[in-house]
Amino acid sequence: MLLIRCPYCEEERPELEFRNAGEAHIARSANIAGESDDDFEKFFFIRSNPKGIIYERWRHMHGCARFFNAVRDTISDKFIMTYKAGEPKPVKLPGVAK
Amino acid sequence: MKKYSVFAIAREAMRGHKGWEEQWSSPEPKKDYDVIIVGAGGHGLATAYYLATVHGITNVAVLEKGWLGGGNTGRNTTIIRSNYLYDESAGIYDHALKLWDGLSQELNYNVMYSARGVMMLAHNVHDIQVLKRHVHANRLNGIDNEWLTPEQAKEFCPPLNISKQARYPVMGAALQRRGGTARHDAVAWGYARGASARGVHIIQNCEVTGVKRAANGAVTGVETTRGFIGAKRVGVVAAGHSSVIMNMAGVRMPLESYPLQALVSEPVKPVVPCVVMSNTVHAYISQSDKGELVIGAGTDQYVSYSQTGGLHILQHTLDAICEMFPIFTRMKMLRSWGGIVDVTPDRSPILAKTPVPGLYVNCGWGTGGFKATPGSGHVFAHTIARDDPHPINAPFTIERFRTGRLIDEAAAAAVAH
């Protein structure tokens, strides 16, 4: 079971309190009805599914209930960091070589 | 290839079992092949086998980063069934089921296919409606599936608890009698032996690290940990790593990879005569011929390549097993493990040509690929050999996620994915 730090509660809590909400930083178009089929496919279905560093959304369902973002290594399942929703995608990751 | 038979056993018994030959050879990779298959699991080896036997293409290499059948082929719960809802799914899964019947004879290798029946339990009104809809849809597609009352379900599987006092009582079941199990390792080994005997090169410990393309975009071969290997046609059958390989060719996939776990108990005398699945409480169980209870759990909720999974997922499944079968509450579990499954948004596989000329992909089987192994290999070999999909796999394109023509078993599957 993962131990996840909620950036709002500022606490590490067991995974059971959280719900994974998929890949992060996928912007929904302001004009979704006007999207081309290609762009809608990219937004809705295509995922990076990386072996390594993933940027993903979590929701602290059974805590503060807020969405936040996390950076995790999908090989070791170790979290690099978590950060609040709306904050920019971190460029420098602590403890991760380029 | 020497045939296995009762005479071969007698002959070898007479001379101290010194005449058994290797089941498949392990040649050095050549500079180039007609076709390269990435991934020596059941689906990849079956593809190579049918390329050789049906299409006469034997200049084929199957590249495997680890050992043959060491991925999801060796990690699944060996369940075989074809009672899917939609016509497209019914087509491909029943094509596979028909090939399972007779596969041991075809391969001259005992894959231990046992049509012991797959029973799916209904625990509420919604389950009853969904499963009955499946029964009717299956009948229209010529696939056997029948409705059982709780008493009939208990008669078919005596250890089942049908008490009305249960938290999720059994209110009925759908039974596919042709469903069952097979020996998963033997499937990989049998196809490997058959393919190798016809000249296919099976190259283990050879990881693909890049896909080479010519100026016009067409595939020219793959970079591997054992050097460059050329081929004008490359079939990617890499399960959980499919999107990793496809990324090397510049194709982004509608896939996410999750850990899926299973576990086995200590071996006991025969007690579960069939496969029992329950979507609602999420558990499935059968008994291997060794006597172990084979139990399948669910996926973790996050993308991972760790080939492990959370303990609470197993616990959740065992809760359900103990409720359905109180007789097992004091059983000891021996081993658990995880495999990485590649899941598509509509929970149906992708077996298709790709936007890259000469590159083909067979992926997205999610949590239920084992049952399809023979059919998947058969139609994928056709797709590669003819550069055109077989009618059975024609609907399973990548483009369906752009056109919207999904095969939406996600909402309709008879079992949790």
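Of the 125 residues in the largest nonpolar core, B:Ile36, B:Val38, B:Val60, B:Val62, B:Met119 and B:Val276 touch the most other members. A nonpolar core here is a set of buried Ala, Val, Leu, Ile, Met, Phe, Trp, Tyr and Cys residues joined through C-beta atoms within 7 Å. This is a predicted model, in which local features need pLDDT of at least 70 and side-chain atom pairs count only at pLDDT 80 or more, while totals for chains, interfaces and linings use all residues. Residues are numbered from 1 along each chain as its sequence is written, and chains are lettered from A and ligands numbered from 1 in the order in which they are written.

- Setting aside neighbours within four places in sequence, B:Met119 is in contact with B:Ala153, B:Phe156, B:Cys157, B:Ala173, B:Leu175, B:Cys274, B:Val275 and B:Val276. Contact is assigned if the C-beta atoms of two residues, placed from the backbone, lie within 7 Å.
- Another core, of eight residues, lies apart from the one above, and among its members are A:Ile4, A:Trp58, A:Phe68 and A:Val71.

**The two domains of chain B**

- The assignment gives domain 1 (28–109 + 183–254 + 346–412) and domain 2 (118–178 + 257–343), with bounds that come from an automatic or database domain assignment.
- Their C-alpha centres lie 28 Å apart, and the contact takes 24 residues from domain 1 and 26 residues from domain 2.
- On the domain 1 side, helix H3 (87–100) and helix H8 of chain B each give two or more residues, and H3(B) gives the most, with four residues.
- By class, that side has six nonpolar, 13 polar and five charged residues. Ala, Val, Leu, Ile, Met, Phe, Trp, Tyr, Cys and Pro count as nonpolar, Asp, Glu, Lys and Arg as charged, and the others, Gly among them, as polar.

**The eight-stranded sheet**

- An open sheet in chain B has the order S5-S6-S4-S13-S14-S15-S12-S16, with mixed pairing; two strands pair if DSSP finds at least two bridges between them.
- Strand S5 (146–148) and strand S16 (333–343) of chain B stand at the edges with a single partner strand each, so one side of each is left without a neighbour in the sheet.
- Neighbouring strands are turned by 20 degrees against each other on average, direction ignored. Axes are lines fitted to C-alpha atoms, for helices over the stretch in contact, and angles run from 0 to 180 degrees between N-to-C directions.
- S5(B) runs antiparallel to strand S6 (residues 172–176) of chain B, joined by three bridges, and B:Glu146 stands opposite B:Leu175.
- Five bridges join S6(B) to strand S4 (residues 118–122) of chain B, also antiparallel, with B:Val118 opposite B:Gln176.
- Both faces of S6(B) are covered, with B:Gly172, B:Ala174 and B:Gln176 on one side and B:Ala173 and B:Leu175 on the other all buried. A residue is buried if 20 or more other C-beta atoms lie within 10 Å of its own, exposed if 12 or fewer, and partly exposed in between, with C-beta atoms placed from the backbone.

**Where chain B meets chain A**

- 19 residues of chain B are in contact with 19 residues of chain A.
- Helix H8 (242–248), S12, H9 and helix H11 (400–403) of chain B each supply at least two residues of the chain B side.
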